[in-house]
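Q: I would like to go through this model with you. Could we begin with the sheet?

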Amino acid sequence: MHEPPLILAVDDVAENLEIVVVRLEAHGYRIVTAGDGEEGLARARALKPDLILLDIMMPKLDGVSVLKLLKADESLGFIPVILLTAKADRTDVVAGLDAGADDYLTKPFDQAALVARVRSMLRIKSLHDLTQAQAEKLAEQTRELAAFNATLEARVAAQVGEIERMSRLKRFLSPQIADVVAASGEAQSLLESHRREVSVLFCDLRGFTAFTESAEPEEVMRVLKDYHETLGAIIDRYEATLERFAGDGMLVLLNDPLPCERHVERAVLMALDMMAAIRARAAAWRKLGHELGFGIGLACGYATLGRIGFSRRFDYSAVGSVTNLASRLCDEAKSGEILLASRAFHALEEGMFLARPREPMSLKGFRRPVDVFEILGRAEAGEGVA
């Protein structure tokens, strides 16, 4: 709606136009006029008035023809039309209403009737414009909602992907490392095959086979749960990578997939904490009648690391003689022993740990005897290799 409302009066009689202008301007409306049908049609298209008062009998283009052209023009939207006719012939009225007119007045018309009809049509126009505006606003909101939903779906998909990625990472890595890897956005590249020096720790329980043969399966599962949770907390604390576990055996890596400084030292400290924790748990298991010990083998060296598996199941694995060496040392370790390969021992800072050399060991899969040290604990001042 224009403010004030804009009314177009179309009539080929100047006196009729003057009457309309005087009477309607007195009520606050703005009036524009046209002297024939063609001029009226042009002004309607140019100005898009809020109401049209249209005479039927005009030269060049009669009112009914103008009306049909107005209603056929989609660019004009809804503009109410009141027909003005000097004839009482119902044929003109019916033809005009059929062509799309909204009301009619017969000339000479009463001033009050004219004003009342104008007000009525302008109310209808105002309501129509309001409805159109609301419809357009609703359409815009619908488009915005659709765009928001599309964005939301993309964000949800991205978040689900991130959760799945984090879930995969946390199967292999400590939570701290998994968070760093996820934040860096390098998960894919870090899990691809690569070669790196790592510290490898292999550990398992002593007497576990005999325990499983004599204990109920539920009791075996309770002990394993306690064992895994105890060691899992230590592995996470040292930001190590659990490469795999099978029953009571665990293979743990340090310095991969993210590098860490002094990884051999960290591995030995982790081994000492593991040994102390399992000693405490073994005392509790002993009270339940379960006699279980714990041994650790530790080595360092280069390995090829990366994701292995197929589409429905992936694992993160280390391949190389260093993993075999750690496993064989674990096999040789008696309950309470931490056996360390010579290369790993010499990578430690001198005097940091109390250790003693062991006789070279002939290990399965190794052609020559392997020099081995047993870690006894952290060294006090002045202590070292016994």
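A: The model is predicted, and it holds an open sheet of 5 strands in the order 2-1-3-4-5, with parallel pairing. Strands are DSSP runs (E, at least two residues) and helices likewise (H or I, at least four), numbered from the N terminus; two strands pair if DSSP finds at least two bridges between them.

Q: Which strands stand at the edges?
A: Strand 2 (30–34) and strand 5 (103–106) do; each has a single partner strand, so one side of each lacks a neighbour in the sheet.

Q: How many bridges join strand 1 to strand 2?
A: Strand 1 (residues 6–10) and strand 2 run parallel and are joined by 5 bridges. Ala9 has Thr33 in strand 2 as its bridge partner.

Q: What does helix 2 touch?
A: Helix 2 (residues 37–47) packs on the sheet and touches strand 1, strand 2 and strand 3 (51–55). Contact means heavy atoms within 4.5 Å.

Q: Changing topic, where is confidence lowest?
A: In the protein chain, it is lowest in helix 6 (residues 175–184), at a mean pLDDT of 60. The pLDDT is the predictor's confidence in each residue, from 0 to 100. Where pLDDT is low, the predicted coordinates should not be read in detail.

Q: And the chain as a whole?
A: The mean pLDDT of the protein chain is 87, with 89% of its residues at 70 or more.

Q: What should I know about the conventions?
A: Residues are numbered from 1 along each chain as its sequence is written. In this predicted model, local features need pLDDT of at least 70, side-chain atom pairs count only at pLDDT 80 or more, and totals for chains, interfaces and linings use all residues, while side-chain values use heavy atoms, leaving out hydrogens and water.

Notes:
Axes are lines fitted to C-alpha atoms, for helices over the stretch in contact, and angles run from 0 to 180 degrees between N-to-C directions.
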